[in-house]
Every structure is written in structure tokens, then in C-alpha cells.
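Here are my notes for your first pass through this one. Have the model open while you read.

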Amino acid sequence: MTEKMTTIKDCVDVIIEHVGRELIVGTPLGIGKPNPLVNALWTKAKQEPDLSLEICTALSLQLPKGKSLLERRFLKPVIERIFGDYPELDYIDDVVKNAIPANMKLTEFYMQSGKMLRSATAQRHYISSNYTHAARDILDKGMNVLVQMVAVKQTPNGPVYSLSSNTDLTLDMVKIAKRKNLDNICYVAMVNPNMPFMGGQAEVDARFFDVIVDDKSAYFKPFAAPRGAVNVVDHHIGMMASTLIQDGGTLQVGIGSLGDALVHATCVRHSDPAAYGAVLQQLKIQQRFGDVIAQSGDTKPFVQGLYAASEMFVEGFAHLFQSGILKRHVYPDAEIQALINQSVITEQVPKNIIELLLQYEALDEHITRRQFNRLQALGILKSELTFKAGRIVDSSGQTFATDLFDYDHIQAIQAHCLGDKLKQGVVLHAAFFLGSPWFYQWLHDLDDETRTQFQMTPVGQVNELYGGEALDRVQRVKARFINTCMKVDVMGAAASDTLDNNQVVSGVGGQYNFVAMAHALEDSRSILMLKSTHMGDNGLESNVVWKYPYCTIPRHLRDIVITEYGIADLRGLSDEDCIKQMISVADSAFQEDLRAEAVKYNKLSADWVIPEAHRNNTLASLKNNHNKLKTMGQFPEYPFGSDFTDLELDIIQALQYLKSQSSTWHSKLKLVYKAWCHKPSATCDAALQRMGLDQPQNREEKLSAMLLAYAFGLLSK
């Protein structure tokens, strides 16, 4: 029987009563962690050295912390406004400081990008695991407690609960535990009404849990990521990626500025074809990459629309839904879905559907109770019908024979028993979600009918084909699995989570699964979006490299790579042709070195020269196009709005400028000298006041005020 309580403290005591003093606690990645409960367990273990505690999780979200006085002053009111009462995870500080007591441990299989590079504790205890294998691996460690934050909905029959943002591992863990008869696990829910309530597989009753704690003092707003800027590089990559999405297809996309750029370009393609065509023409995208677009893409508005199968339900899918693009419904029946794909039937139930189902062998010639339930659940048969003694019965008591050998029986059913429209259609399957405050409110505000179109599932369902391959294959047609990466070598192998020194930046997550799925599904493609360069310790470095000591995606799974300079279609190419494609989308500052290296090792003909169309791959050329397109009203910096005020956006630009000009001690001194010589204008007064620097009191504040005024002066010209 489920135990219910109203305080976190009582919940901790009950957990220990259930499983003893050796706790191996699993808790969801992202926003599904019950932070107050996790913190209470962590604190108790610190206070009681005889209590053993290991927490197994991923994506422990940290509030942003500024390194400089300027950054801290900027962030303080932003954090208060956006994150509100969000309670930080206590263990993060201990991990960062490498100060975890001997009786405690934290292991993660995915980390917030770049946040734990300097933590020896995090790096040593990282588990390299596919997202789809994480449930298995955590259970194999002996997990005996699962704690999760849940949403709640009051009904006439009492409260019902929702796994909300994190069906991902929880449902897979429960399934594996049942299969292995692991009955020693204590399942614990912490109620938080601020979590969006999601139905379908996410909806569970109280019996799903052993313990439910509803402590009103522990309610808090879930971690929300402010919507970030989309820059010139992002927009160019997103624009090209948008040309490879086919109408009537399937989409997976990740979080971040590149994903936002892709979604924005896709929305423009649908809602403003003329503007979209003008951008294509200005960037000469079809002129340069027409072959791959003709074979695997499209540039016209969407008629059938898209369906999303994505491990992460990102905010971009909400915008695609609002724009009328995310509208292709899929149904939980492989035979029915196949007939929809073939245009044999539509979502509006045809008047001759029983004949069609018989013709295409999607229905037996005798309707059994099981077949009746199937057809009724799909909306093919009316909901008010019942099945008694082998016959269909309507509300008036009239009965209909289920022997379909007799055409008169078929006609009678089609005349009196059919529904109007198919049921159970969904536009998205996803395993977890994370986004901005706007996104969470959008989910909260969905009406029940609309919300059912967005289904949260186990990660084992959405990230793989195993276990439901027949259905997945007919649902995930013309799939485009679009992800980001850090490095791609000229052979097409990609590194997405780890540096060349084996330090983990984030984690494998589900990227490998989606790339492999793109090769397993007919007419599907994997698309890796890559910024061609980054600023390293020694200046500008290429992200297109000759070789890299680590890869997330092996070269035999190479497919499409997009940089801001073009589309490289690598599938099925020889090594030489692959190298040519990758050099052609690299920054021109590094192309010749890559060419020479390939020639040196006999992977490229010495006669090959970089095509003329790809010799001007420079940021200056990119910005020239960008400026022209901005005058046409395209490429906005915040395509879906911003969580910052106009003044804060100006301050962000100033801070970014200062950071870009202070990468070395020499550049810092030069910057300070220029700022000292600069005469401040009144344009910076509001910014100084917002930052609390209008009346600087000490040397650090005076220097910070001087630098901010200088940056503002330059940017306002």
C-alpha cells in the first residue's frame, strides 16, 4: 500500500526504513529531480557517516554563476526573475569542490555541457552509457530507491499523478525491474504542482509508488533555461538544415541555438515562402547544394506536416505546432498507419473502411472481441457500441453480425457502426522535456484534447526500433534526425561529448541511437550540425579536423554534415570523396592544411583543388550575407522572443564584446587602456544603474564601470 506523507523529513526516514542504510538512489535527468528530497538525503548522509549514499543520475542543472563582477551583477536580478525559488542541488557544490565525504558518491551518465570539466570527482565517476542503456546500468549498480518529482491532477476519484517531464528512464527501469523480479526497490514521488501534467504513459495512479510526499513547503518552479541568442553562424546552418526536411516526414532535434535556428527557418519556409526563397537565393543554397536537396529535402511549405520522434521535447516543437507544421498524426497500429502512409485511408474514417481493411488484410474476416476493441479504440467503430455474444450491439439494442464473409454484414456495419474520425493520433513522442518559462506555461495551458497529441514515452521506445519495430518503421517515415556535434574529421567521424584528452564535456546521450536509426530506416537521414571553428587557447581553431582521438559517431555511420559554409553529403562516398566534401565546408583558413594532410597520406589526389565556390568560406563573407538578410527582415537574434529586457540585451552585447577582447593578458591590458582613454557618454547611464555601478565604491567596481561604459560607447555608434 502506498504511504503518503506531508514532510520531506518524514519521507527520508521512511525511505531508510524501507531499504536500510545503504542507499543507491536513482533520480531523473534534467528537471524531474525532486531537489528538496535529494538535498535532504544528501544532508543526512553528510551528518551520519554510517549512512551510505550513492546518487545515480544525469544532467544536474546548475544556476548560472558569473565569473567576473560584471557577470555576477548582470545575473543576480535575472536569476531572481527567471528561476525564482528554484532550490539548487546541494551535491553540485561538493562535486565542483571535490569535497564529497567517503560514505557518499555521485555518478552521472550525462553532464550539463562543459560545467564539470574542472571537477576531478565528476570526471572520475562519469559513466559512459547510451541513454537507452542507462536504466539497465543503474539497476545493475544495485539501485534500491527511485525518487522523482511528479505533477498532480485532482479528479472526482482522487488525485492522479504524472511523471511529467521524465518518463524516460523511470518506465524503462520499472519494466526491467519487473522482468528481473527486483522487488527491493522503493519508488518515491515528490509532488510539485508546478510541473506540467502530461497524460498517456506519463499518467500513473498512486499505486505506482511506494511513497508519495506532498510537502507544500517544497513546491518550486522547475529549472527553466532562458531563450538564447541565435547568431549569424547558427542561422546559416539552420537555414541549410531546413532544406533537408521533407513534407510528411519525421523530425528529431536537440536543444540550443542551432536547433532554434533550424526551427525558425522551417517556420519561415512554411509561413512566408517568398521570404524563404529570397534567403535561399541570397545564400545560393540551391545553386550549390541542389543535388542533395532534390534527393533528400524540399523547400516548399508543408501540406501533410511533420511528426516528431525525439528523445527531448524541446520548445521548438511547440513553435512548429503553433505554425501548423507539426501536424502529421501517427497511430498506435502498424497496419492502420501503413494504410495512411499509402493514402488508402485518411484520418476521416472512410465509409467503406471495413472493405478496405479486408482488402489489404488489415482485418480478419471475423471480428473477434479483440478486433472489436482494437477498431473501437482507433475510432473506426463508434465508442457507444458494445460486444456481446459475438455480435456488435448499439445503444438501442440493435445487433450486427461480425461474420464478414457475408457482404450484407459488412454493409450493415459500415452503414450504422462507423466512427467519424480516427482516435489516438499524436504528433510527438518524446522521453523528457526541458525549456524556458514560456514553454512550461505553454504546456500547462494546453487543453486536454491538445495535450494528448504530445506523448511522453520511455527512452527505450523513442530512441530505438527494438520492441516495436513494425510500428516504428511506419510511423518514422522520411525521418530527419538532426543533432549537433563538436568536431568532425575529414572521414566523417564525429566527436560530440568528449575532448581529445578524454575529459567529458556532456555525454553520449541518445545521439548514437538516432544516427544508427537513420541508417536503419528507409528514406531517413542523420544530419549533424557543426560550427566550423571555435576560439581555443591559441586563437581560432577548426572543428573540421584531419583526425581526432575520440569519436561519438564512427565514420562508417557518416551521413550529412552541415557547417555554416555548406552541406556535406557523405553517405556511401569513398574516403577521397568524403574528404573533398568535408574540406569544402571547412573554414578557408584551414582548408589547405587539411588538403595537404590528405595528400600526404594518400587519401586524396595531389591534383585536386578546392572548388572555386568554396574558397571564400570566411566569417567576413558570412556576415556580409547576414547583414543583407537582416535588412530583409530575416535572421532575427531572438526568433522566438527573449526572457531579457531590451536594456539587458544591450548589456549582454557589451559583455560579449568585453569577453571577446580579453582572451589574453596582453589583450586585457590593451582593453583597459582603451577604456581608460574613453570618455563615457550618457548612453551608458541606464546600464550602469542596472548593474549597480552608477556610483562605484572600490577599485573593482570602478574598473568594471569603466569597461562597461567603453563597450556601450562602441556598440552605440
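1. Start with the crossing of α8 and α10, which is left-handed (the near helix is turned anticlockwise from the far one by less than a right angle; clockwise would be right-handed). Contact here, meaning heavy atoms within 4.5 Å, is made by H236, M239 and S242 of α8 and Y276, V279, L280 and L283 of α10. Sort those residues by class and you get five nonpolar, two polar and no charged.

2. A word on what you're looking at: this is a predicted model, where local features need pLDDT of at least 70 and side-chain atom pairs count only at pLDDT 80 or more, while totals for chains, interfaces and linings use all residues. Residues are numbered from 1 along each chain as its sequence is written, and side-chain values use heavy atoms, with hydrogens and water left out.

3. Next, look at α12 (residues 315-322) and α17 (residues 437-445), which pack at about 55° with axes 10 Å apart. On the α12 side the contact uses E315, A318, H319, F321 and Q322, and α17 brings W438, F439 and W442.

4. C11 is buried at 0% relative accessibility (buried is under 20% relative accessible area, exposed over 50%, partly exposed in between, with a 1.4 Å probe and protein chains only). C417 is buried too, with a relative accessible area of 0%.

Conventions: Helices (H or I, at least four residues) and strands (E, at least two) are DSSP runs, numbered from the N terminus. Ala, Val, Leu, Ile, Met, Phe, Trp, Tyr, Cys and Pro count as nonpolar, Asp, Glu, Lys and Arg as charged, and the others, Gly among them, as polar. Axes are lines fitted to C-alpha atoms, for helices over the stretch in contact, and angles run from 0 to 180 degrees between N-to-C directions.
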